[in-house]
Amino acid sequence: MVATCYLLGVSTRRMDRLVQSLGITGLSRSQVSVMARDLDELVRDFRERPLNEGPYTFLAADALTMKVREGGRVIKIADMVATAVNTGGFREILGVATSTAESGAGWNTFFKDPVARGLNGVALVTSDAHAGLVDAIGANLPGASWQRCRTHYTANLMATCPKHAWGGVKAMLHSVFDQIDAAAVHTQYDKLLDQTKHTLPEVHTHLDDARADVLAFTRSRVMSGDRSGPTTPTNGSTAKSAAAPTSSASSPIAPRSSGSSAPSSPNNTTNGPTAAATSAPIPSTAAAHPHHQQPCLGGHHHSHHQRLTTQQRRTRRRTPLHRT
């Protein structure tokens, strides 16, 4: 319990009040630290484990700014995280490290560690456009293509776009990543450039300059016909990833789930054009006299003459059955 509270961020001072509510007379801050020290071994084993679930085709890297206590002061540090998709189709955190600031030297040291532990088969790396990060990817993963994270790029593009036009530009940009293949992606991107060429010249220039980086996934050797946008993951969940053969947020193009990939059955009740096309037509009598038939929860129709009042139902239940 003490270790769990430590992981959840409960301070050592609050821990004393917590254990008192459980009937324990007291727990000093030093005792809490000693009990939480067992976590250090678990963290070390996790960070130093061999990466034998590869090849890790898709990888995403990002840095988070966090506040920590150090030497009696609260300072900001950069928490660097690398997440990839293993052969089982699950997101896996490959490495976590801290640095005083996000820099090229810090990222270079960071990537050397997973490579030494067996990181292999990386075909596409998604990240923001931090110069030190991009250089470290090229130096440590020479066979991988670099993909600019569309979430970070969208934020960069928004800074150059007038507020009144941002809704349309954003929707058009997102539609680029919804296309079914590489040719359709580039065609849609060309349409976006054509629409902004004369009305939004700054946006057009920004899009044109970033084209190679934003659409790098279309030139990757792992390009497939499924749809998705290249983004960096927002957490380290080990849930099934869409970047693997089944589904990935960090993948360039994520396959649809098994439920959506299967052809629709004529009996499906899904809303939309498909359902409308496959649904049975309404009988002409119902259309002419809508009050004659009323739908019930079971999907059947009953005449209004057959509907019973509450009092009639109660009377029918009270009436004994007469056997002949």
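Author: Two strands count as a pair if DSSP finds at least two bridges between them, and the model to which we apply this rule here is a predicted one.

Reader: What makes β2 and β3 a pair of strands?

Author: Eight bridges join strand β2, residues 73–85, to β3, and since the rule asks for at least two, the two strands pair. They run antiparallel, and within this pairing Ala 82 of the model stands opposite Gly 95 in β3.

Reader: Which residue in the hairpin of β2 and β3 takes a positive phi?

Author: That residue is Gly 89, whose phi is near 85°, in a hairpin with five residues between the strands.

Reader: Why is strand β3 called mostly covered?

Author: A residue is buried when its relative accessible area is under 20%, and seven of the nine residues of β3, which spans 91–99, are buried, so the strand is described as mostly covered.

Reader: Which residues have the most contacts inside the largest nonpolar core?

Author: In this core of 24 residues they are Tyr 153, Leu 157, Leu 173, Tyr 189 and Leu 207. The elements that give two or more residues to the core are α7, α8, α9 and α10, with the largest share, six residues, coming from α8.

Note on methods:
Residues numbered from 1 in each chain as written. Predicted model: local features only at pLDDT ≥ 70, side-chain atom pairs only at ≥ 80, totals over all residues. Heavy atoms only, no water. Buried < 20%, exposed > 50% of the residue type's maximum accessible area, 1.4 Å probe, protein only. Helix = DSSP H or I, 4+ residues; strand = E, 2+ residues; numbered from the N terminus. Core = buried A, V, L, I, M, F, W, Y, C linked by side-chain atoms within 4.5 Å.
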